[in-house]
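Hi everyone, thanks for coming. I'd like to walk you through how the chains in one assembly sit against each other. Have a look at the picture first.

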There are 4 protein chains.
Amino acid sequence: MTDHPHPLSAEEAQALAQATFDAMWPRDRTAQALEIRLISISPGRATLAMLVRPDMVNGHHLCHGGMIFTLADTAFAYSCNSYNKNTVASACHIDFLAPAREGETLQAESIEQSQSGRTGVYDITVRNQSGKTIALFRGKSYRIQGEVIAGLQQAEVPARTPL
Amino acid sequence: MTDHPHPLSAEEAQALAQATFDAMWPRDRTAQALEIRLISISPGRATLAMLVRPDMVNGHHLCHGGMIFTLADTAFAYSCNSYNKNTVASACHIDFLAPAREGETLQAESIEQSQSGRTGVYDITVRNQSGKTIALFRGKSYRIQGEVIAGLQQAEVPARTPL
Amino acid sequence: MTDHPHPLSAEEAQALAQATFDAMWPRDRTAQALEIRLISISPGRATLAMLVRPDMVNGHHLCHGGMIFTLADTAFAYSCNSYNKNTVASACHIDFLAPAREGETLQAESIEQSQSGRTGVYDITVRNQSGKTIALFRGKSYRIQGEVIAGLQQAEVPARTPL
Amino acid sequence: MTDHPHPLSAEEAQALAQATFDAMWPRDRTAQALEIRLISISPGRATLAMLVRPDMVNGHHLCHGGMIFTLADTAFAYSCNSYNKNTVASACHIDFLAPAREGETLQAESIEQSQSGRTGVYDITVRNQSGKTIALFRGKSYRIQGEVIAGLQQAEVPARTPL
């Protein structure tokens, strides 16, 4: 890592996003236990999918809100760490809009909305396989010290205004 | 269920809270998969515990935020269903204050803060075994049709003002 | 109002959105006290502007967070009442991203993200005149009884999935 | 200000909280425009009151949510600046539980729930004169550089666990 990295090209930034995913994924025992799958990763964005298994329902016979949150939070994590700067969740807000059921496949798409200083805001939408929105999640990220892959260049986080 | 139930005594309300827990728990496959344990249940309150297992960490070697959320959300669910009225989470907000690690035992205590109409607000505090606060969770509940245990009396939800 | 209204054309829905704004605006004494101005109104959307006056700063010499919130909340209100169905805020979450200062003109744009049953989710972005994002606000609406303009048709709220 | 202040006595901490209030209040033009009044201030706590004036209602003839938020946010500000360390709001969440009306006097009580590093969590309850809860507000604070009263000692913020 250099202190003043040259700006990465789009291709380099994409490769770095993929590399941070590849580095974090084997350590992410939760994502694997829940059989979450990667759909796509790019700088500031991540989309993941998860099948609602029989062991993911709650006492109302619906997908447990914690499982929906975990899928969204995982997409959030990979999108906000995609610049190779260690970043953690500071706070999250989730609105549950419709129930999900056993056997459905949920997809969570995380999109960076803003960056200012060490904090970022990401919007994650969880949909079922019919495209119906199950939950809207907004996460606040906080960049801590260190990089995901020590020694590799960090991408400059774009000073991004919301879409 | 009668339409205009007589007010329950404190003992009856406690027995009903325990009965709703007992009815929902075997169906709550998620709580069992995560080996969540009941510490206490009473009208409008629930405390649960969970050991952070090796399969509950994330790509930063810390307890996955989704697992912390799931524990808190589960305590929320049992506290807000304790009156035998079917109730679901409408929205949740979580502030992550300190990391939790593999091998720690987390405890989530849910306390009802307010009830008005069909909605309630519950505050859930997640602490580790040293009493350090790991996360603060605030959940909004929404009462839907039906009761947890069909045919059993529902408790009157107290028109409660925050503590 | 008819119980089963025919679907409104796009022109009728736009006229209804404008009419609900016109009906609510004179009663909205707060918006007038803060000299909030309408930029645009359409079904499920509203954009308003406000000059940060000298009496809108706080003890840190910055625009008071309550004034930023009030502008956003007002845009939220007009967007979620634009179907001529009485709708109130159930909960709001705001992330403050950058300070605003006296003399700046802020603009709040509210966009409907989802509708399900009586509740909706709206995203409001507050920017300054340079286009810099000052705050991100997410509001949950709840439809109560009655219409904004009694006797006028209500628009069908589209079962909308997030963008 | 010394870099390593001796711990303040309870009396010194209280005097410092009052002094920070006294310093910020004349600059807080919003609080004065809304005729907000101080009820009490102490380290990590503040209670304020506000009469709902005719110019504080919205298009539904109810107290504008932005005015309720502003009262709560102001109590939040004085409680989190009470240690003489410049602190701003990072994010706020508000649940609106019951309407408030013109002529009512609202009271907002802010209580510190947690402190970790530069961030704190505060719970603010807004009640009307009958003691009915109008809104529950949770604010996340972020400590920036500098002190409210330059040159005066800062109080050590207690490493506080939620009540």
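This is a predicted model: local features need pLDDT of at least 70, side-chain atom pairs count only at pLDDT 80 or more; totals for chains, interfaces and linings use all residues.

Before anything else, a word on how copies are compared here: they are superposed by least squares on the C-alpha atoms of residues with pLDDT of at least 70 in both.

A rotation of 180 degrees, with 0.0 Å of shift along its axis, superposes chain C on chain A, and the RMSD is 0.0 Å. Which residue of chain C comes closest to that rotation axis? It's C:His93, whose C-alpha is at 4.1 Å. The two copies use the same surface, too: 100% of the contact residues of chain C recur in chain A.

Now turn to chains C and D. Chain C can be laid on chain D by a turn of 180 degrees and a shift of 0.0 Å along the axis, with an RMSD of 0.0 Å. That is the relation of a two-fold axis. In chain C, the C-alpha nearest this axis belongs to C:His93, and it is 2.2 Å away. Here again the same surface serves both copies, as 100% of the contact residues of chain C recur in chain D.

So what is in that contact? Chain C brings 34 residues and chain D brings 34 residues. On the side of chain C that touches chain D, helix 2 (29-33), helix 3 (65-80) and strand 3 (87-96) each supply at least two residues. Strand 3 of chain C gives the most, with 9 residues. If you like to think in residue classes, that side of chain C has 15 nonpolar, 13 polar and 6 charged residues.

Strand 3 of chain C is joined to strand 3 (residues 87-96) of chain D by 5 bridges, and the two run antiparallel. Within that pairing, C:Ile94 stands opposite D:Cys92.

Let me finish with one residue of chain D. D:His64 lies in the loop between strand 2 (45-51) and helix 3 (65-80) of chain D. Is D:His64 buried or exposed? The cut-off for buried is 20 or more other C-beta atoms within 10 Å. D:His64 has 27 of them within 10 Å, so D:His64 is buried. And who are its partners? Leaving aside neighbours within four places in sequence, D:His64 is in contact with C:Thr30 and C:Thr70 from chain C, and with D:Met56, D:Val57 and D:Asn58 from chain D.

Conventions. Residues are numbered from 1 along each chain as its sequence is written. Chains are lettered from A and ligands numbered from 1 in the order in which they are written. Two residues are in contact if their C-beta atoms, placed from the backbone, lie within 7 Å. Helices (H or I, at least four residues) and strands (E, at least two) are DSSP runs, numbered from the N terminus. Ala, Val, Leu, Ile, Met, Phe, Trp, Tyr, Cys and Pro count as nonpolar, Asp, Glu, Lys and Arg as charged, and the others, Gly among them, as polar. Two strands pair if DSSP finds at least two bridges between them. A residue is buried if 20 or more other C-beta atoms lie within 10 Å of its own, exposed if 12 or fewer, and partly exposed in between; C-beta atoms are placed from the backbone.
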